[in-house]
Amino acid sequence: MNDKLFIAGNFAEINGFLSYGISYWSNDQWTVFEDGLLDANGSKGVGMGLSRINDDLIVLGSYDFCSGVAANAACSYSESAGFASLGFPYYEAAQTLKCAAQFQGINYFAGRFNNATTPTNGDIWNIVKYENGQWLPVGDGIRGGMAGVEKMVVYRDWE
């Protein structure tokens, strides 16, 4: 992904071309992705976060399809493979993913997804980890009123 400035957000057009929620700038021009981010009904989805985990770009937001790939709120992008779903589970309530980080070798994702109880992964509230092929709760989650996670970063003391 060298020499590409990716953007994600709530937009539908760049330079007169349809570009729903994700595009990149490179070589003094915009590149749009066919279909971009879409909801299940075909309306514009929203990109709310970009992260890099290992060599993949992680695209987070509120959408059902990422450049034509069924990918509930989370997909990855690599030069060699293009877009791929991360398999984030569907929940009864609306969900939005906003940030991702790798911490101690485990991938964490956060945003706004409340009372997401499933038989296989327990009670998940606004933060989740993907470990050994499963989406798992992080403690009791982040709860209360309009709770949600906007940003997440791994901090370490460089010496």
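Visitor: So two strands count as paired if DSSP finds at least two bridges between them. Over how many bridges do β13 and β14 pair?

Guide: Seven bridges, and the pairing is antiparallel. This is a predicted model, by the way.

Visitor: Noted. Which residue is the bridge partner of Q102 in β14?

Guide: N107 is the partner of Q102.

Visitor: In what order do the strands of that open sheet come?

Guide: The order is β13-β14-β17-β18. Those four strands make an open sheet with antiparallel pairing.

Visitor: Which strands stand at the edges?

Guide: β13 and β18 do. Each has a single partner strand, so one side of each has no neighbour in the sheet.

Visitor: New topic. How many salt bridges are there?

Guide: The count is five salt bridges. A pair counts when a side-chain nitrogen of Lys or Arg lies within 4 Å of a carboxyl oxygen of Asp or Glu.

Visitor: Why can such side chains pair at all?

Guide: Opposite charges can pair when the charged atoms come close.

Visitor: Show me one. What does K98 meet in a salt bridge?

Guide: K98 meets E150, at 2.8 Å from N to O. This pair links distant parts of the chain, 52 residues apart. K98 is in strand β13, residues 96-103. E150 lies in the segment after β18.

Visitor: Which residue forms a salt bridge with E150 at 3.0 Å?

Guide: That one is R112, with 3.0 Å between the closest N and O atoms. R112 and E150 also link distant parts of the chain, 38 residues apart. R112 belongs to strand β14, residues 106-112.

Visitor: So what are K98, R112 and E150 linked in?

Guide: A network of salt bridges links the three.

Visitor: How exposed are E150 and R112?

Guide: E150 is partly exposed, with a relative accessible area of 35%. R112 is partly exposed as well, at 30%.

Visitor: What does R52 form a salt bridge with?

Guide: R52 pairs with D55, and their closest N and O atoms are 3.5 Å apart.

Visitor: Is R52 buried or exposed? And D55, buried or exposed?

Guide: R52 is exposed, because its relative accessible area is 61% and the cut-off for exposed is over 50%. D55 is exposed too, at 59%.

Visitor: Now for β11. How many of its residues are buried?

Guide: Five of five, so strand β11, residues 74-78, is mostly covered.

Visitor: Which way do those residues point?

Guide: A74, S76 and S78 point one way. C75 and Y77 point the other way. All are buried.

Visitor: Which strands join or pair with β11?

Guide: Strand β8, residues 56-62, is joined to β11 by four bridges and runs antiparallel to it. Strand β12, residues 82-85, pairs with β11 over four bridges, also antiparallel.

Visitor: What stands opposite S76?

Guide: I58 stands opposite S76. On the β12 pairing, S76 stands opposite A84.

Visitor: Last one. What joins β11 to β12?

Guide: A hairpin does, through three residues.

Conventions:
Residues are numbered from 1 along each chain as its sequence is written. This is a predicted model: local features need pLDDT of at least 70, side-chain atom pairs count only at pLDDT 80 or more; totals for chains, interfaces and linings use all residues. Side-chain values use heavy atoms; hydrogens and water are left out. Buried means under 20% relative accessible area, exposed over 50%, partly exposed in between (1.4 Å probe, protein chains only). Helices (H or I, at least four residues) and strands (E, at least two) are DSSP runs, numbered from the N terminus.
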